[in-house]
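Trainee: I am new to this structure and would like to know what the terms rest on. Please show it, and then I will ask.

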Amino acid sequence: MNSVSNHPTTTSQPNNDLMQKLVGRRALLRNGTLVLAGAALTKHQLFSDETASEHAKSVRVGLITDLHYADKSPAGSRHYRETLDKLQAASQQFAADRPDFVVELGDLIDAADSVDVEQGYLKTINKQFSAICDDRHYVLGNHCVDTLTKEEFLGGVGQERSYYSFDREGIHFIVLDSCFRSDGEPYQRRNFQWTDPNVSAEEMEWLRGDLKSNSKPTVVFAHQRLDVSNHHGVKNCVDVRKALEESGNVKAVFQGHSHQNDLNEIGGIHYCTMAAMVEGSGPESNGYSVMDIQADGTIEIKGFVRQASYHWGV
Ligand SMILES: [Zn+2]
């Protein structure tokens, strides 16, 4: 999945730092047999043994956010119709990089005047998005349920639940839904203020249980931000962050909603806000990324056009 130059077996002499890391990990794994293991194996054997399995377990994810697709004229910096061409460019990159799955981080569509027209927007953009990859995940954004109900949106994209988790190759992934009002009512059809996003009590209970029953490195996908307390932030983000931190396994949260690149590290977790596809005109205003996560929790994000790139080691 990674380029050949990064493949561990092409290096015959691992450096000392790496050796220490590997020996340390073996000590952890075999508890007390460090001396034996170290004496019995050459550097190369140890290196291949420990890292080849990790290499095989890396997962690649294609990420896009805030497409706001609608067949309507631009408003301010938002160019709704151009999203189709921008998504096409992202599709070509994903075809080359072959992610294991793709995630759309919310606000796939923008508001229409009627349910029928909105469903037409959803059908158009989802047809193109669906062609990228069979394994797709949709995070609910406030704009997804501006005109539609959650059921209508989820039905339109063929996804059963608005929040859930799944595993791929030893990594745990969680999709969150912060489209609930402070009183617990789900957002739907203009019944909400966009500045009132919450993770519901029921979802919080599910999240705590899900995190408790999992020991794998974990990545979370959200729309509204969990790292800020301004109008872009989830109202009960402190509770959500506490749950994520207490699990000890969450490496990163990917989110959209505020449309610009941003990164905060809180309690050992990276909160990465991704660039919106709808912002600006022309191919130079696009933004999308490919994220690789290794079984040890190392994350590499390759950002394209306006999307920033990051590397987070363990
Ligand atoms: Zn948005």
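Trainee: Which residues point one way from β10 and which the other way, and are they buried or exposed?

Mentor: Gly287, Ser289, Met291 and Ile293 point one way, while Tyr288, Val290 and Asp292 point the other way, and all are buried. This is a predicted model, in which local features need pLDDT of at least 70, side-chain atom pairs count only at pLDDT 80 or more, and totals for chains, interfaces and linings use all residues. Residues are numbered from 1 along each chain as its sequence is written.

Trainee: What makes a residue buried?

Mentor: A residue is buried if 20 or more other C-beta atoms lie within 10 Å of its own, exposed if 12 or fewer, and partly exposed in between, with C-beta atoms placed from the backbone. Seven of the seven residues of strand β10 (residues 287-293) are buried, so β10 is largely enclosed by the rest of the structure.

Trainee: What makes a run of residues a strand?

Mentor: Strands are DSSP runs of E with at least two residues, numbered from the N terminus.

Trainee: How many bridges join β10 to β11?

Mentor: Seven bridges join β10 to strand β11 (residues 299-305), and these strands also run antiparallel. Tyr288 stands opposite Phe304 in β11. The hairpin of β10 and β11 has five residues between the strands, and Gly297 takes a positive phi near 95° there.

Trainee: In what order do the strands of this open sheet stand?

Mentor: Its six strands follow the order β3-β2-β1-β10-β11-β12, with mixed pairing. β3 (136-138) and β12 (310-312) each have a single partner strand, so one side of each is left without a neighbour in the sheet.

Trainee: Which pairing runs parallel?

Mentor: Strand β2 (residues 101-104) and β3 run parallel, joined by three bridges. Val103 stands opposite His137 in β3.

Trainee: What is the strand order β4-β5-β6-β7-β9-β8?

Mentor: It is that of an open sheet formed by six strands, and its pairing is mixed. The edge strands are β4 (164-168) and β8 (262-266), each pairing on one side only.

Trainee: How do you know that β6 and β7 pair?

Mentor: Strand β6 (residues 218-221) and strand β7 (residues 250-255) share four bridges in the parallel sense. Val220 stands opposite Val253 in β7.

Definitions and conventions: Two strands pair if DSSP finds at least two bridges between them.
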